[in-house]
Amino acid sequence: MAAGSYFGSGQLHTLSELFKVPNASTSVIVLNLMLSVLSVAAPVWFAWLATKQIGQRFRLAEDYAFKASISRAYEGFRREAARFDKDMEAKLLTSALTRLDELPLRLVETDSHGSPWHELASSDVVKQAMKAVPGFAEQVKDLASKAIVAVTPAKAQPKSKPQVDPEQDE
């Protein structure tokens, strides 16, 4: 994370110096702008991913610790309940098994987003905006396609082969 931040800040500094040059080429500016965006976005994406994974691991660890404490408590209660009543011991076993049988994956989100943009696009706010604002999805698609066209260079058209007249070969 620190290395990504270091290189990202260096790239931003290079970009800011390039803007100061009066006759800088547009292609050089666009290239440096794309490198700056990538060098800043990569550490942000990594931090987002690491934070999500740490949160999931923490919830799973807490769940397994809870189940371990239920198991220890059951053993202690079982010894005490066995002295009083067999029905109480059966109820205690049923209660403990219900708790131990719960899947730990219930604590992990069912949606697994690959990037912060994916998470934003599938958020409730964006879904509500799609329903409430007429043409919102089309506007976002148009904006994205215009940005892609502006960034990507025009593809070279393949050269067409000269037409050969079969009568000339004879």
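Me: At what angle do H2 and H3 pack, and how far apart are their axes?
Reply: They pack at about 175°, with axes 10 Å apart (lines fitted to C-alpha atoms over the stretch in contact, angles from 0 to 180 degrees between N-to-C directions). That makes H2 roughly antiparallel to H3 (over 145 degrees). This is a predicted model, where local features need pLDDT of at least 70, side-chain atom pairs count only at pLDDT 80 or more, and totals for chains, interfaces and linings use all residues. Residues are numbered from 1 along each chain as its sequence is written, and side-chain values use heavy atoms, without hydrogens or water.

Me: Which residues make that contact?
Reply: On the H2 side, Phe 66, Lys 67, Ile 70, Tyr 74, Phe 77, Arg 78, Ala 81 and Ala 82. H3 brings Met 88, Glu 89, Leu 92, Leu 93, Ala 96, Arg 99 and Leu 100. Contact means heavy atoms within 4.5 Å.

Me: And by class, what's in there?
Reply: The contact of H2 with H3 has 11 nonpolar residues, four charged ones and no polar ones.

Me: Switching to H2 on its own, what span should it have?
Reply: Helix H2 covers residues 26-84, and its 59 residues should span 87 Å at 1.5 Å a residue (1.5 Å times one less than the number of residues). Its end C-alpha atoms are 86 Å apart, which agrees.

Me: Which residues of H2 are buried?
Reply: Asn 32, Ser 36, Ser 39, Pro 43, Trp 48, Lys 52, Gln 56, Asp 63, Lys 67, Ile 70, Tyr 74 and Ala 81. Buried is under 20% relative accessible area with a 1.4 Å probe.

Me: What do those pack against?
Reply: Three helices: H1 (2-20), H3 (86-101) and H4 (116-121).

Me: What about Ile 29, what does it touch?
Reply: Ile 29 lies in H2 and touches Leu 15, Leu 18, Phe 19 and Ala 24, leaving out residues up to four places away in sequence. Ile 29 and Leu 18 are 11 residues apart in sequence, with their C-alpha atoms 7.0 Å apart.

Me: Zooming out, how many helices and strands are there?
Reply: Seven helices and zero strands, counted as DSSP runs (H or I, at least four residues; E, at least two). Along the sequence that reads α-α-α-α-α-α-α.

Me: How much of the protein is buried?
Reply: Buried residues make up 14% of the 170 residues.

Methods:
Buried < 20%, exposed > 50% of the residue type's maximum accessible area, 1.4 Å probe, protein only. Parallel < 35°, antiparallel > 145°, perpendicular 65-115°, else oblique. Nonpolar A, V, L, I, M, F, W, Y, C, P; charged D, E, K, R; others polar.
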